[in-house]
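Please open the model in the viewer and keep the sequence at hand.

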Amino acid sequence: MLYLVRHGRTDANARGLLLGRADPPLSAEGRAQAVALAAHLPAEARVVASPLRRTMETAAALGRAVEVDERWIELDYGDLDGVALGSVPSEIWAAWRADIEFAPPGGESLAALGRRVRAACDDLVDDVRERDVIVVTHVSPIKAALAWALRTDDSISWRVFVEVASIARIGVDDRGATVRSLNERAPTL
């Protein structure tokens with residue numbers, strides 16, 4: 001099974017800011033969420049994580065070795081990193097939703113993110129068939145991995161909600177990938 005874990009809450013998440021390559025730590029709530037998530041993930045799984053602090057802190061709560069894979073880093077929001085969602089100009093939202101190749105100024109397109117995440121997923125397939133793999137990552141890479149499993153394009157990002165500190169599961173067998181769950185949360189959260 002491939003377990004996709006969205007990191008715990010940060011203060012920037014709580015304030016509704018776009019949080020791409022910015023590197024804040026988890027909040028106290030986020031650290032508690034990470035501990036709670038650890039109890040609901042397989043103990044003997046391989047762990048892979050984005051290199052950003054919020055994912056590394058979440059992965060550290062699992063209490064095992066963590067491999068860093070840059071391909072699981074969050075979408076680069078460029079000039080919009082740290083901007084409140086409601087402050088993004090409407091013409092930017094319209095362009096972004098209309099074209100998966102659109103990139104905000106100084107940032108990355110959903111299609112570019114999708115290509116790197118699909119490559120990361122393809123590289124994990126054989127391992128996932130043999131054992132559980134946990135990837136601790138961000139909202140946009142999880143959406144891209146779901147698009148990979150569903151064999152659809154990256155426009156799905158606008159139609160999927162991924163909760164902070166949640167787990168998505170993708171099963172992989174000889175027939176391909178299957179989304180098994182989305183937004184699983186530890187009951188204590």
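In which helix does Arg118 lie? Select Arg118 in this predicted model: the residue belongs to helix 5, which covers residues 110–130.

Next, display what surrounds Arg118. Beyond its neighbours within four places in sequence, Arg118 is in contact with Ala144, Ala147, Trp148, Thr152, Asp153 and Asp154. Ala144 stands 26 residues from Arg118 along the chain, yet the C-alpha atoms of the two are separated by 7.3 Å.

Now select the whole of helix 5. Its end C-alpha atoms are 30 Å apart, in agreement with the 30 Å that its 21 residues should span at 1.5 Å a residue. Follow the helix to Leu124, where a kink of about 45° is centred. Leu124 is also one of the buried residues of helix 5, and others among them are Leu113, Val117, Ala120 and Cys121. Arg116 and Asp127 are buried as well.

Which elements do the buried residues of helix 5 pack against? Colour strand 1 (2–6), strand 2 (46–49), strand 4 (133–137) and strand 5 (167–173), together with helix 4 and helix 6, to see these partners.

Of its 27 lining residues, select Leu18, Tyr77, Leu85, Val139 and Lys143, which are the closest to its centre. Colouring the lining by class shows 15 nonpolar, five polar and seven charged residues.

Notes:
Residues are numbered from 1 along each chain as its sequence is written. This is a predicted model: local features need pLDDT of at least 70, side-chain atom pairs count only at pLDDT 80 or more; totals for chains, interfaces and linings use all residues. Side-chain values use heavy atoms; hydrogens and water are left out. Helices (H or I, at least four residues) and strands (E, at least two) are DSSP runs, numbered from the N terminus. Contact means heavy atoms within 4.5 Å. On a 1 Å grid over the protein atoms alone, a cavity is a set of points where a 1.4 Å probe fits but cannot get out, and a pocket is an open set with protein on both sides within 12 Å along at least five of seven lines; lining residues have an atom within 4 Å of a point. Ala, Val, Leu, Ile, Met, Phe, Trp, Tyr, Cys and Pro count as nonpolar, Asp, Glu, Lys and Arg as charged, and the others, Gly among them, as polar. The expected span of a helix is 1.5 Å times one less than its number of residues. The bend at a residue is the angle between axes fitted to the seven residues ending there and the seven starting there. Buried means under 20% relative accessible area, exposed over 50%, partly exposed in between (1.4 Å probe, protein chains only).
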